[in-house]
Amino acid sequence: MFSKVISGLESAYSRVVAGLVGLDLNPSPVAPPGVEEKVKTVLDWLFWIGTISVFVGFVVGGIMLIISNERGMGNENVRRIGFVIIGAIVIASASALAKALV
């Protein structure tokens with residue numbers, strides 16, 4: 001009886017191994033039909049909004065620097081332009097990553 005159990009386990013094991021041999025262990029992700037174009041549209045809009053936001057940030061930061069220098073307040077607003085630059089770097093790297101994935 002024990003030998004029948006062992007032989008049954010061996011045959012099941014051999015079937016599992018045979019099934020795994022043809023398995024693709026490095027699948028590539030595929031978007032569902034019709035979703036790819038919508039995701040690309042959303043990413044394009046987000047990139048456009050981010051680009052416009054960075055441009056507006058630079059303009060507003062520059063205006064604030066001019067006003068603060070005219071008032072003799074020094075360069076307290078330079079920090080804000082630094083945040084705009086950091087934001088621009090994050091947006092550029094995120095868009096490059098998204099375009100590489102899509």
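Predicted model: local features only at pLDDT ≥ 70, side-chain atom pairs only at ≥ 80, totals over all residues.

Modeller: Residues are numbered from 1 along each chain as its sequence is written, and side-chain values use heavy atoms, with hydrogens and water left out.

Colleague: In what order do the elements of the chain run from the N terminus on?

Modeller: Helices (H or I, at least four residues) and strands (E, at least two) are DSSP runs, numbered from the N terminus. The chain has three helices and zero strands. From the N terminus on, the order is α-α-α.

Colleague: What share of the residues in the chain is buried?

Modeller: A residue is buried under 20% relative accessible area, exposed over 50% and partly exposed in between (1.4 Å probe, protein chains only). Of the 102 residues in the chain, the buried share is 11%.

Colleague: How far does helix 2 reach from its first C-alpha to its last?

Modeller: The expected span of a helix is 1.5 Å times one less than its number of residues. Helix 2 has 37 residues, for which 54 Å is expected. The model comes close to that, with a reach of 53 Å.

Colleague: Against which helix do the buried residues of helix 2 pack?

Modeller: Those buried residues are Gly50, Val54, Gly57, Gly61, Leu65 and Ser68. Contact means heavy atoms within 4.5 Å. The buried residues of helix 3, namely Ile81, Val84, Ser95 and Ala98, pack against helix 2. In turn, the buried residues of helix 2 pack against helix 3.

Colleague: Why does Gly50 count as buried?

Modeller: Gly50 is found in helix 2, and its C-alpha atom is separated by 8.7 Å from that of Gly87, 37 residues apart along the chain. Gly50 counts as buried because its relative accessibility is 9%.

Colleague: Is Leu46 buried or exposed?

Modeller: Leu46 also lies in helix 2. The C-alpha atoms of Leu46 and Ser95 are separated by 8.8 Å. The relative accessibility of Leu46 is 51%, so Leu46 counts as exposed.

Colleague: Of what kind is the pair formed by the rings of Trp45 and Trp48?

Modeller: Rings of Phe, Tyr and Trp (its six-membered ring) pair if their centres lie within 6.5 Å; planes under 30 degrees apart count as stacked, over 60 as edge-to-face and the rest as tilted. This rule gives one aromatic pair. The ring centres of Trp45 and Trp48 are 6.2 Å apart and the planes stand at 75°, so the pair is edge-to-face.

Colleague: In which helix do Trp45 and Trp48 lie?

Modeller: Both residues are exposed. They are three residues apart, about one turn of the helix, and the helix that holds both is helix 2.

Colleague: Which residues lining the largest pocket are the closest to its centre?

Modeller: On a 1 Å grid over the protein atoms alone, a pocket is an open set of points where a 1.4 Å probe fits, with protein on both sides within 12 Å along at least five of seven lines; lining residues have an atom within 4 Å of a point. Helix 2 and helix 3 each supply at least two residues of the lining. Of the 11 lining residues, the closest to the centre are Leu43, Asp44, Ser95, Ala98 and Lys99.
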